[in-house]
Each structure stands twice: as C-alpha cells, then as structure tokens.
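These are my notebook entries on one structure. I record below what I looked up, entry by entry.

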Amino acid sequence: MEQICLVTTVVDARSVADVLAASAVAGRLAASARVGGPVDSTYWWDGRVETAQEWSVQFKTAPDRLDALVDHVRVAHPYDVPEILVTTVGSGNPDYHAWVQEQTRH
C-alpha cells in the first residue's frame, strides 16, 4: 500500500484557510484539504503568552508531493513562523491511499 502524508497548519482567518486549501488542491499539491475551526490557541510570541482564534487546515498528499506542498504552504502562509506539521500514514484504506496518489498527479 502506498503511504500518504498529512500536512497540518493553522491560520488566523477562515478566508485564509479556504484559499490555502483551494490553491493546494487546484495545484495538485494535495488530493484534498479539510478546514476546521475555529479553535482557540495559546502560545508564546514576542516574550509573552498570547491567545488567538485560529482555523486549521489539513492536507492529504502523496510523499513525492510533500516538499512542494510544504513550500507552497510556507510561501502562502501569513504567519512569520507558520506551524507546518507532517504525519506519514502507512496504513488505512488502500483505495483511499490510491486515490490520493492519483489526485496528486498532473
């Protein structure tokens, strides 16, 4: 079975999340993207604890498209230091894994 990669990030507005999701899928960098939220995040920034409402975006991609997707998210992301987390999935529905592979081809 082919592996797939899940790439997750968060942004400060639903509209930004929607644009990131749509551009990655349209460019065949991801087979699909899921936008969720809002969520409340608490973190250190500029020497103090901040709390903000954010939207998460989870992309599903093939391993050979991972670097291009991460580069795309990094460049298009509005944050100075964007969270970009990658998880590799090696098990699951083989038909879904094949679909992800197929949808990330040009």
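**Entry 1: the helices.** I first asked: is the crossing of α1 and α2 right-handed or left-handed? I found that α1 and α2 cross in the right-handed sense; a crossing is left-handed if the near helix is turned anticlockwise from the far one by less than a right angle, and right-handed if clockwise. I note that this is a predicted model, in which local features need pLDDT of at least 70 and side-chain atom pairs count only at pLDDT 80 or more, while totals for chains, interfaces and linings use all residues. Residues are numbered from 1 along each chain as its sequence is written, and side-chain values use heavy atoms, with hydrogens and water left out.

I then looked up the geometry of this pair. The axes of helix α1 (residues 14-26) and helix α2 (residues 66-76) come within 11 Å and cross at roughly 145°. Axes are lines fitted to C-alpha atoms, for helices over the stretch in contact, and angles run from 0 to 180 degrees between N-to-C directions. Helices (H or I, at least four residues) and strands (E, at least two) are DSSP runs, numbered from the N terminus.

On the α1 side, I listed L20, S23 and A24 as making the contact; on the α2 side, L69, H72, V73 and A76. Contact means heavy atoms within 4.5 Å. I sorted the residues of this contact into five nonpolar, two polar and no charged. Here Ala, Val, Leu, Ile, Met, Phe, Trp, Tyr, Cys and Pro count as nonpolar, Asp, Glu, Lys and Arg as charged, and the others, Gly among them, as polar.

**Entry 2: the sheet.** I found four strands in an open sheet, ordered β2-β3-β1-β4, with antiparallel pairing. Two strands pair if DSSP finds at least two bridges between them. β2 (32-45) and β4 (85-89) are at the edges with a single partner strand each, so one side of each has no neighbour in the sheet. On average, neighbouring strands are turned by 25° against each other, direction ignored.

I followed β2 and strand β3 (residues 48-61), which pair in the antiparallel sense over 12 bridges. T42 stands opposite T51 in β3, and the bridge partner of Y43 in β3 is E50.

**Entry 3: S41.** I located S41 in strand β2. S41 is buried, at a relative accessible area of 15% (buried means under 20%, exposed over 50%, partly exposed in between, with a 1.4 Å probe and protein chains only). Leaving aside neighbours within four places in sequence, I found S41 in contact with E50, T51, A52 and E54.

**Entry 4: the backbone.** I noted as background that most residues other than glycine have a negative phi, and most peptide bonds are trans. The peptide bond from G37 to P38 is cis, with omega near 5°, and P38 lies in strand β2. R28, which is not a glycine, has a positive phi of about 60°. I placed R28 in the loop between α1 and β2, where R28 counts as partly exposed at 33% relative accessibility. In the hairpin of β2 and β3, with two residues between the strands, D46 takes a positive phi near 55°. D46 is exposed, with a relative accessible area of 61%.
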